[in-house]
Amino acid sequence: MNGEPRLSTATLPVDGRNIGTLKATPNETDLLDSFSISFDESTPDTANLLKAAEQLKNSDIPVAFPTETVYGLGADATRSAAVNGIYKAKQRPSDNPLIVHFASLEQLRKLLGPDSDPMHSHLKGHATDGPLTIILSNPTNSLLAPEVTAGLGTFGARIPRNILALALIKQADVPVAAPSANASTKPSPTAAEHVAYDLDGRIETIIDGGPCDVGVESTVVDGLSNPPLVLRPGGVSMEQLRSCPGWEATQVGYKNAAEQGSQPKAPGMKYRHYSPKAPVILYEIGKAAPTLSELRDHVGPQKKLGVVTTKRWRVNPSSTEINEQTSTSPDKTKHSERANHEEGFAGMLQSLHGTPDPGAAMQIHQVQGTHSTWQLAEIPLGSNIASIARGIFAALRELDREQVDAIFVEGIDDLEGDTAAAVMNRLRKAAEIKVVG
Ligand code: TXA
Ligand code: MG
């Protein structure tokens with residue numbers, strides 16, 4: 001690809017419990033301010049982490065690492081050659097600025113210079129409970145490579161809440177520019193194998209710290225504008241942001257459902273983001289679940305469809321239809337015994353019995369039509385918003401690997417909270433077809 005030589009990509013497992021201990025620096029109360037690490041040098045985990053930190057500091061090839069949101073693809077933000085390595089590996093257009101990751105406020109203050117105090121109160125406020133990126137002015141004579149900011153006078157700063165990310169950045173001792181570690185346009189990676197799938201041969205090192213806790217990217221807040229604006233919804237709620245001094249009037253600054261247009265979009269939209277190969281058909285809240293014939297219309301050469309269910313859709317094993325629960329509580333009783341219809345399932349599934357486990361495994365249903373047989377691959381994410389966020393990108397990737405013809409997704413109500421808004425924001429960008437109520 002691109003005539004570039006293929007690199008050999010190593011996935012290095014690192015268990016955060018085996019690398020040693022992080023301690024807040026004396027006189028500080030919080031790891032966020034500044035911390036020290038005493039590494040346990042005897043473990044392979046530490047050896048792997050130190051190796052990755054060494055590459056991050058010295059190599060021009062980026063290193064993939066876990067954060068609490070999604071995996072990042074990191075490079076020394078002060079070296080142009082290293083930052084360019086990110087754009088090259090991801091095949092990302094270079095007009096999209098990168099978030100800069102810091103291990104602590106101490107490291108961030110070092111970059112900002114003497115007038116860094118306004119930051120302090122925001123970062124020390126309640127907002128730091130969750131994954132947050134704050135847009136700051138890039139100081140004159142900034143140490144940041146110009147490629148990081150894509151020509152803007154600002155940059156996004158973030159202190160990830162993940163021990164491996166913190167230890168890596170601290171050890172490399174440089175600010176780390178990192179976008180999500182997916183190939184451009186693909187869903188963000190929430191596990192090391194997702195990174196390997198997209199970037200194998202294009203990077204050398206992936207730190208495998210297991211699946212990410214949050215599953216959707218950080219909330220991006222522009223506190224320089226008045227009122228402060230949320231540019232991208234994420235796990236930190238509007239309420240949390242508004243409780244920070246100076247941010248009481250924070251507003252939504254991204255396009256919400258209403259602004260994205262209420263007409264179903266035609267397939268083949270130019271703009272793709274978070275997208276698997278198969279077209280995503282997103283059912284907004286309030287829209288009835290697809291009927292069997294609506295499903296069948298999208299069966300293509302693979303003779304296989306994917307469906308991601310969340311709160312209310314349940315695949316009915318006896319009728320092949322997707323039924324809706326009227327309440328959000330798990331439906332334990334409505335086990336429809338309608339006798340085998342013309343297109344009844346051959347294989348039965350038991351998803352009617354309660355809410356499936358988060359990240360529940362894919363279930364394949366055989367659908368026998370009058371003329372042909374096809375399959376429905378179902379991934380039930382459960383009804384808990386945090387589990388849906390954690391599992392949504394993995395579900396899209398998994399269905400892609402199944403080579404389905406199309407992926408039907410049951411949307412959730414973005415008014416339910418900011419994590420729900422973040423999930424819907426990503427799904428609307430991923431979807432080629434939006435079915436609205
Ligand atoms: O959770 C996350 O934020 C993950 C992990 C790896 O930290 N990172 C991530 O990076 O999602 P990326 O590159 O996929 O998304 C960065 C977002 C983009 O929407 C970009 O436009 C915005 O942040 N951004 C970065 N710098 C900005 C700036 N100076 N002004 C406005 N938006 C900015
Ligand atoms: Mg991204």
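Start with helices α10 and α11: α10 passes α11 in a left-handed crossing (left-handed if the near helix is turned anticlockwise from the far one by less than a right angle, right-handed if clockwise). Helices here are DSSP runs of H or I with at least four residues, numbered from the N terminus.

Before you click on, a word about what is on screen: this is a predicted model, where local features need pLDDT of at least 70 and side-chain atom pairs count only at pLDDT 80 or more, while totals for chains, interfaces and linings use all residues. Residues are numbered from 1 along each chain as its sequence is written, chains are lettered from A and ligands numbered from 1 in the order in which they are written, and side-chain values use heavy atoms, with hydrogens and water left out.

**Stop one: α10 and α11**

Axes are lines fitted to C-alpha atoms over the stretch in contact, with angles from 0 to 180 degrees between N-to-C directions. Now show side chains: Ile 385, Ile 388, Ala 389, Ile 392, Phe 393 and Leu 396 of α10 meet Thr 419, Ala 420, Val 423, Arg 426 and Leu 427 of α11. Contact means heavy atoms within 4.5 Å.

**Stop two: α10 and α7**

Look for His 194, Tyr 197 and Asp 198 in α7 against Ala 394, Arg 397 and Arg 401 in α10.

**Stop three: α1 and α6**

Next, pick residues 44-58 (α1) and 163-172 (α6), which pack at about 55° with their axes 8 Å apart. That makes α1 oblique to α6. Which hand does the crossing of α1 and α6 have? It is right-handed.

**Last stop: ligand 1**

Finally, centre on ligand 1, which has 23 residues around it, and Thr 69, His 101, Arg 158, Ser 218 and Arg 232 come nearest (a residue counts if one of its heavy atoms lies within 4 Å). Zoom in on Thr 69: a polar side-chain atom there lies 2.7 Å from an oxygen atom of ligand 1. Then try Arg 158, with a side-chain N or O atom 2.8 Å from a ligand 1 oxygen atom. For Arg 232, the distance from a side-chain N or O atom to an oxygen atom of ligand 1 is 2.9 Å.

Notes. Helix = DSSP H or I, 4+ residues; strand = E, 2+ residues; numbered from the N terminus. Parallel < 35°, antiparallel > 145°, perpendicular 65-115°, else oblique. Polar contact = N/O pair within 3.5 Å; in protein donor to acceptor, adjacent residues only side chain to side chain.
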